[in-house]
Amino acid sequence: MDTILVPVPDHDKWSKETAEVLADVETDPEVVLLYTFTDEDVSSTSDNLGQSPESVDLDELASRKSAVRMASRTLETAGIDTNVVGASVDEDRGDAILSTIDDVDADRAYIFSRKRSPVGKAVFGSAIQDVLFDSPVPIVVVPLAAV
């Protein structure tokens, strides 16, 4: 069984589309959904839940994000179990993704990318570029429609 990492964007539709592509392509994977938090995001999410930012478990906090729940439901409907991991990031989401690839011993990762114009196709976002250039595993880039 392959372990697949899916960094979940903070956008329900994009997380669902990425999960649907994964479910269509993969056979019996173990899927780890990663949600990355800035300090500000941890603070606002924990405040919304009535918890102290210092006492929250990032994995539990990540499992409460709507985009993570959307991806999880989509995959579970397809018969694929998921694990949720939350990670704190300062500035660089790409480093958090690369670190989690190593931590969960992923065999590949599915990441989203906005659809771009012909000129824009030559340049990805900085996090995606970091992951594509430095990943020790194959990366599947799922182009998503702009919303």
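Predicted model: local features only at pLDDT ≥ 70, side-chain atom pairs only at ≥ 80, totals over all residues.

Reply: Buried means under 20% relative accessible area, exposed over 50%, and partly exposed in between (1.4 Å probe, protein chains only). Residues are numbered from 1 along each chain as its sequence is written, and side-chain values use heavy atoms, with hydrogens and water left out.

Me: What is the mean pLDDT of the protein?

Reply: The mean pLDDT is 86, and 88% of the residues reach 70 or more. Buried residues make up 42% of the 147 residues.

Me: How many salt bridges are counted?

Reply: Side chains of opposite charge can pair when their charged atoms come close. The criterion is a side-chain nitrogen of Lys or Arg within 4 Å of a carboxyl oxygen of Asp or Glu. By this rule there are six salt bridges.

Me: Which residue forms a salt bridge with Lys-13?

Reply: Glu-17 does, with the closest N and O atoms 2.8 Å apart. Both residues lie in helix H1 (residues 12–25), four residues apart, about one turn of the helix; helices are DSSP runs of H or I, at least four residues, and strands are runs of E, at least two, numbered from the N terminus. Lys-13 has a relative accessible area of 40%, so Lys-13 is partly exposed.

Me: Where does Arg-108 lie relative to its partner Asp-2?

Reply: Arg-108 pairs with Asp-2 at 2.7 Å between the closest N and O atoms. Arg-108 is in strand E4 (residues 108–114) and Asp-2 in the segment before E1, 106 residues apart. Arg-108 counts as buried because its relative accessibility is 16%, whereas Asp-2, at 31%, is partly exposed.

Methods. pLDDT = per-residue confidence, 0-100.
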